[in-house]
Amino acid sequence: MEDDFRVADINKKFTERLEGFEVCGIASTIKEAKEKLLTYKPDLVFLDVYFPDGNGIDMLWHIRNHHRSTDVILITAAKEIETVQEAIRGGVIDYIIKPVLFDRFEKTLAKYIKNRLQMTTIDDVDQEDVDQLLHNKRKELTYEQNIPKGIDPLTLKKIKGEINTFKEQGVTAEDFGKHVGMSRTTARRYLEYMVSIGSITAELAYGQVGRPERLYRLNEE
């Protein structure tokens, strides 16, 4: 939701460079934004503060009241501490001050999708899980405790051993799935779980063709 079409286009292009995200709509006014929220029901909204027909903070509270499953990242030139405080109270995922740099944008969305993936793999949380989700603190890998549904401890142990064979160069979920004899989707689920608990790291790899893919590798000791 951005009234400057140039900034909206930059945000769109940044998003399309990242795996796992798709732009479903762009709104340049509060009125248009409310209509598109009803139509598309997005998982995530980029929201500015300044609009010709209203205020983005008021729009944030509208989203909280009427679209509770939609997350919000503020991307704005607003630097007033009162605006930042209101954004935090409204539960924004992040607050990015313009002009937006791609590296900052990428880190925010990587953290966002990692947290969403983690929340799909666990039913009950302990304090370490909450600390990681809220404060990005790492949780050490254990095989006997806190293994979420859909993650088999023996398979997890095998995967950690196999990923060591790729060492510094890392591996994509698709290539790793072929290596261990499982689907790309299953391989990605295990690899993303290992990222979420700090056992391995992931970064975007830019190939010559198509969208970038996440590259997984063991953490440096």
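**Close-up 1. Asparagine 55 caps the N-terminal end of helix 3.** In this predicted model, a side-chain oxygen of asparagine 55 lies 2.7 Å from the backbone nitrogen of isoleucine 57.

**Close-up 2. Helix 3 packs through its buried residues.** Helix 3 spans residues 56–66. Its buried residues are Gly56, Ile57, Met59, Leu60, His62, Ile63 and Arg64.

**Close-up 3. The largest pocket has a volume of about 1,000 Å³.** Its lining holds 37 residues. Closest to the pocket centre are Lys107, Ala110, Lys111, Tyr112 and Lys114. Two or more lining residues come from each of helix 5 (102–121), helix 6 (127–135), helix 9 (184–196), strand 6 (200–205) and strand 7 (213–218). Helix 5 gives the most, with 13 residues. By class, the lining has 17 nonpolar, seven polar and 13 charged residues.

**Close-up 4. The second largest pocket holds about 690 Å³ of space.** Here 29 residues form the lining. Glu22, Val23, Cys24, Pro42 and Leu44 are the closest to the centre. Helix 1 (5–16), helix 2, strand 1 and helix 5 each give two or more residues to this lining. Helix 5 supplies the largest share, five residues. The lining of the second largest pocket divides into 17 nonpolar, five polar and seven charged residues.

Conventions. Residues are numbered from 1 along each chain as its sequence is written. This is a predicted model: local features need pLDDT of at least 70, side-chain atom pairs count only at pLDDT 80 or more; totals for chains, interfaces and linings use all residues. Side-chain values use heavy atoms; hydrogens and water are left out. Buried means under 20% relative accessible area, exposed over 50%, partly exposed in between (1.4 Å probe, protein chains only). Helices (H or I, at least four residues) and strands (E, at least two) are DSSP runs, numbered from the N terminus. Contact means heavy atoms within 4.5 Å. A polar contact is a pair of N or O atoms within 3.5 Å; within protein, one must be able to donate a hydrogen and the other to accept it, and residues adjacent in sequence count only if both atoms are side-chain atoms. On a 1 Å grid over the protein atoms alone, a cavity is a set of points where a 1.4 Å probe fits but cannot get out, and a pocket is an open set with protein on both sides within 12 Å along at least five of seven lines; lining residues have an atom within 4 Å of a point. Grid points are joined across faces, edges and corners, and a volume is the space filled by probe spheres set on the points. Ala, Val, Leu, Ile, Met, Phe, Trp, Tyr, Cys and Pro count as nonpolar, Asp, Glu, Lys and Arg as charged, and the others, Gly among them, as polar.
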